[in-house]
Amino acid sequence: MENHRLLGRLLIIALMMFGFGYAMIPLYKQICEATGINNVVKADARTSTQVDRNRTITVEFDANLRSNLPWRFKPESRRVTVHPGELVQVGYEMENTGHERIIGQAIPSYSPALATSYFKKLECFCFRQQTFMPGENRKMPVVFTIDPSIPEEVTNITLSYSFFAVGGTDGNQHAERT
């Protein structure tokens, strides 16, 4: 009898774990949508493809490194002026100045926070981890548009990337040695 109760409890726990795992995907999507993390343009009725030539927005670019690794990371240009709805491509440059392979991930942030839901990236190096070999220098594109329905009071947006080291097991966030 004791074994039957234990089996019942374990089955309930297993079902709860399965349900939680199943619910994680929609929950994750909702969190990403609410915070603007990895927001990719989705073709729907709310996304306008019209360029608003009567308005301009200055987009400033920033780059930060969040680890003590031998990297150089910077935007190719500090700012661009765009019309809402216009398709824009800019670049960032990353260099591994060290002697080891490094794996990193960029995390974007926007200022003002209101701009997050109007800034739509079509292509971005931040969508996946980047591997840099020793001495490698790479130009990485960001293709974006700003939704024309952005409020009129937003005339400046700052897009800032923080680049973190990922991987490794030595506690210093160094990537695996090659």
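Me: Before we start, what do buried, exposed and partly exposed mean here?
Reply: Buried is under 20% relative accessible area, exposed is over 50%, and partly exposed is in between (1.4 Å probe, protein chains only). This is a predicted model, where local features need pLDDT of at least 70, side-chain atom pairs count only at pLDDT 80 or more, and totals for chains, interfaces and linings use all residues. Residues are numbered from 1 along each chain as its sequence is written, and side-chain values use heavy atoms, with hydrogens and water left out.

Me: What makes Lys139–Glu76 a salt bridge?
Reply: The term needs a side-chain nitrogen of Lys or Arg within 4 Å of a carboxyl oxygen of Asp or Glu. Here the closest N and O atoms are 3.6 Å apart, so the pair qualifies. Lys139 sits in strand S8 (residues 137-146) and Glu76 in the loop between strand S2 (71-75) and S3, 63 residues apart. Strands are DSSP runs (E, at least two residues), numbered from the N terminus.

Me: And why is Lys139 called exposed?
Reply: Lys139 comes in at 55%, over the 50% mark, so exposed is the word.

Me: How do you know that Lys139 also bridges to Glu93?
Reply: Their closest N and O atoms are 3.8 Å apart, within the limit, so that pair counts too. Shared partners join Glu76, Glu93 and Lys139 into one network.

Notes
Helices (H or I, at least four residues) and strands (E, at least two) are DSSP runs, numbered from the N terminus.
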